[in-house]
Amino acid sequence: MDNHKTHHPVNFRFARHSVETGLRVGEESFPLQVVHHADEVVHLSIGGRWAGTHSHAELTPPGPADGEGEGDAQQARLPVGPDGSIRFANAAGETLLDAAMGGSFGVSGRSWLLEFAYDAEMRFYGMGEKLGPLEKSGVRTKFWNRDVFADFAAATIEAGKTDPMYVSIPWLIIRTERGWCGILVNTPEAPFMCAGGSIRDIANQRQLVTEPRLYVGADSGRPEVWFIAAPDLATLTRRYQRLVGPTPLPPLWALGHQQCRWGYGGPEDLREVRDGFARHGIPNSGLWLDIDYMDQFKVFTWQPEAWPDPRAAIAELQSDGQKVVPILDPGVKVAPDFSVYASGMEARAFCPTPEGIPFTGFVWPGATVFPDFSTAAGRAWWAQQVNEFNDCGLEGFWLDMNDPSVGPVEMDNLCFGPERLPHATFHNQYGAAMARATHEALTTAEPDRRPFLLARSGWIGCQRHTALWTGDSLSSAVYMNGSIPCTLNLALSGVPFNGPDVPGFGGDASEALALEWYRLGFLFPFLRNHSMVGTRAQEPHTFSAPVREAIAHLIRLRYKLLPYLYQLWIDQETDGSAVLRPLIHEFDRLTRLPIDRIDDQFMVGPSLLQAPHLMGRAEREAVFPACDWFCLSTGRWMRAESRLTLEKANLPVPLFVRAGSVIPMLRGDITHANQVDLSRIDLHVFLRPGEHARVCYRADDGRSLAYRRGERSHVEVDLAVDDSGHLEAKRLSSSSAWQALDIRFVTYGGVRMDAETVPFQWSATGEPLAGLRGT
């Protein structure tokens, strides 16, 4: 299998007839099942020559809707014609995906594909973790989890042209003239997609060889494909997120700033980092350990000289609210006197070869075997090791090398299960299954605590157990600028909790790059500073005073906005709403501005718009779709449907609030993570005369699952500004089930509030957020 190439329909034989039980390709029949669900969700599965392959992701579809009568008109449809053609129509009966001229379902050996008619007006998004622009027209790609730094040449890595990468989520979003739809290929054996891609420029002839085509498929494995229709991208994203599972509400500390470096080995390293943040008043929530804390890189061990008493050291390091997060690699060192290896051998927990002996790779500890996460026994053994290791008060783990990375050996003979299933049957799910086993370990040990996991590799549904970072990167403009579309498409693909290493992992980050990357990503869902051993120090407090203070201000602002960010994660868990969003998610068909390919602006939730300056540019054009926008740097309103040139010298952090928004923020300057108190907040009101808004602020302890038992406080308020600029606030409902909330209002643009007539405090008229203009 060549992971850099994909199949083409010219090599497939297509179904030309449909029979009562399915499709016919030549003389061979392929049983077909179509199930129509609520919310315009349709499930297609095809049997035949793939009998026995059933390693698909577990999904949670809405209820079926196959009954007769009026209700059917409310559901999307996937009709199969007598000629074997397959179409997809929305609830209104409008065809979103038409059948391709040459046929719909094709086979070539164990490979299969579904092809649809391509339209040049289509736009494509999603595809999980892929570098390149936000809009994916012309992309032909395969989904096969890779260890990028080990598998690609240096020049390819430097150019940001690595594909496939660490995470495989074959979810294709399509904008058509009649509405939106998505296709999910829930077949893990090397899926592939072609989004209007063509073959051209063979032998440098500079000419088109094949026309653009639209198809999805897999190298092998039983076809299982999900189709979803929706009127807009926001609805499509919520429906898809509910199908694959939302991200559980994370612990509050995971939303703060995280600090890591390959090279931190013992408690003294972490104390030095912790003290550096405290000395300069920079809040930080996590202290992360790469492989150097281990004894000879053996998983589930501590280097004894550095960590003579891990429990006491971690208790001291976490005494101010910061959390210690160590790395876990799946590989287990082959050593008969290593207890973890011995217990795994006894439990038969390791992946076999076709000959039934444990598969051996060569990674950090040397000769290494790998847990078989495809089996319940393998996951249970791993969970036991996690809980035995975690007797020192850890609340999170970092899961790396889980692509899996096996070093300089072929992995084709790494098999799964007692049946010794071929490697491809579970390769893409390996990292997600490792996360599941680790998550189950933590929740079993402490059922009421929210654990936090961060993983490098994933598959459909991994977000139910772990966040993802976008893997090893370089400290370069290529990776900084490309982090926006990569993070957005991964978020649209069902993994909202993700982000890159800031300001890049490999290479020396200049002060200019570090500052620009923080300006760009300080509100990304996951914010971790991480760097490679041997590179210059890039902790925020190690830079020169002007850059240090500028970065510090951005981190403090993230903490100030934590109450707003927390609301977004509550909504994500509740109904699948997106956290980080492209403009087209919010404003498709609401604006005349061309936003379908904008990937250097984005929304943080429904209310905040960022238009960061990319590296190497002194100015940029920004668009302000659909409504007016308040600039948090200048305190001025931007006119709806306008385009403006923003100069970096005058507006280094372009951050804007949508008209009609109410943003909850912490009070005062936050200089330490333990100052975060979700019960004492200010509601910043961005309403103008004649405008109205309703807001519900929710808060809980940020640590436990008590909120699921009703221990969450809230206040719901109706706000209106009359023509004279007077704000009136009416409490609609409230609860102190967690604890009492202390709420104040901050108004902008001359709006004022009569504090004596409402049961709230009016703090002051808001000013531009200090420091944004000068950072």
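Author: Strand 21 and strand 22 form a hairpin, with two residues between them. In this predicted model, strand 21, which covers residues 361–363, pairs with strand 22 in the antiparallel sense over three bridges. Within that pairing, Gly 361 stands opposite Thr 368 in strand 22. Strand 22, made of residues 366–369, also pairs with strand 20, residues 332–333, in the antiparallel sense and over two bridges.

The largest nonpolar core holds 201 residues, and Leu 328, Trp 382, Phe 656 and Leu 719 touch the most other members. A second, separate core of 36 residues includes Leu 97, Val 185, Val 216 and Ala 229. Returning to Leu 328, and not counting residues up to four places away in sequence, its contacts include Tyr 293, Val 299, Phe 300, Trp 382, Val 386 and Phe 389. Further along the chain, Leu 328 also touches Phe 397, Trp 398, Leu 399, Asp 400 and Met 434.

Two helices can be considered next. Helix 4, residues 267–279, and helix 5, residues 310–317, pack at an angle of about 0°, with their axes 11 Å apart. That angle makes helix 4 roughly parallel to helix 5. Where they meet, Pro 267, Leu 270, Arg 271 and Arg 274 belong to helix 4, while Ala 313, Glu 316 and Leu 317 belong to helix 5.

Leu 474 counts as buried because its relative accessible area is 18%, and the cut-off for buried is under 20%. Leaving aside neighbours within four places in sequence, Leu 474 is in contact with Phe 149, Ile 157, Glu 158, Tyr 479, Gly 504, Phe 505, Gly 506 and Trp 517. Leu 474 and Gly 507 are 33 residues apart in sequence, yet their C-alpha atoms are 6.1 Å apart in space. Trp 517, one of the contacts of Leu 474, is itself among the buried residues of helix 10. Helix 10, residues 511–521, is mostly covered, with nine of its 11 residues buried; among them are Leu 513, Glu 516, Tyr 518 and Arg 519.

Six strands form an open sheet in the order 1-8-9-15-14-11, with antiparallel pairing. Its edge strands are strand 1 (13–14) and strand 11 (139–142), each of which pairs on one side only. Four bridges join strand 11 to strand 14, residues 191–197, and the two run antiparallel, with Arg 140 opposite Cys 194 in strand 14. An open sheet of six strands also occurs in the order 29-30-31-36-33-34, again with antiparallel pairing. Here strand 29 (580–581) and strand 34 (637–638) are the edges, each pairing on one side only. Strand 33, residues 629–631, pairs with strand 34 in the antiparallel sense over two bridges, and Phe 630 stands opposite Trp 637 in strand 34.

As for confidence, the mean pLDDT of the protein chain is 93, and 94% of its residues reach 70 or more. Over residues 66–73, however, the pLDDT is below 50, and this stretch has eight contacts in the model beyond near neighbours in sequence.

How values were computed: Residues are numbered from 1 along each chain as its sequence is written. This is a predicted model: local features need pLDDT of at least 70, side-chain atom pairs count only at pLDDT 80 or more; totals for chains, interfaces and linings use all residues. Side-chain values use heavy atoms; hydrogens and water are left out. Two strands pair if DSSP finds at least two bridges between them. A nonpolar core is a set of buried Ala, Val, Leu, Ile, Met, Phe, Trp, Tyr and Cys residues joined through side-chain atoms within 4.5 Å. Buried means under 20% relative accessible area, exposed over 50%, partly exposed in between (1.4 Å probe, protein chains only). Contact means heavy atoms within 4.5 Å. pLDDT is the predictor's confidence in each residue, from 0 to 100. Axes are lines fitted to C-alpha atoms, for helices over the stretch in contact, and angles run from 0 to 180 degrees between N-to-C directions. Angles under 35 degrees count as roughly parallel, over 145 as roughly antiparallel, 65 to 115 as roughly perpendicular and the rest as oblique.
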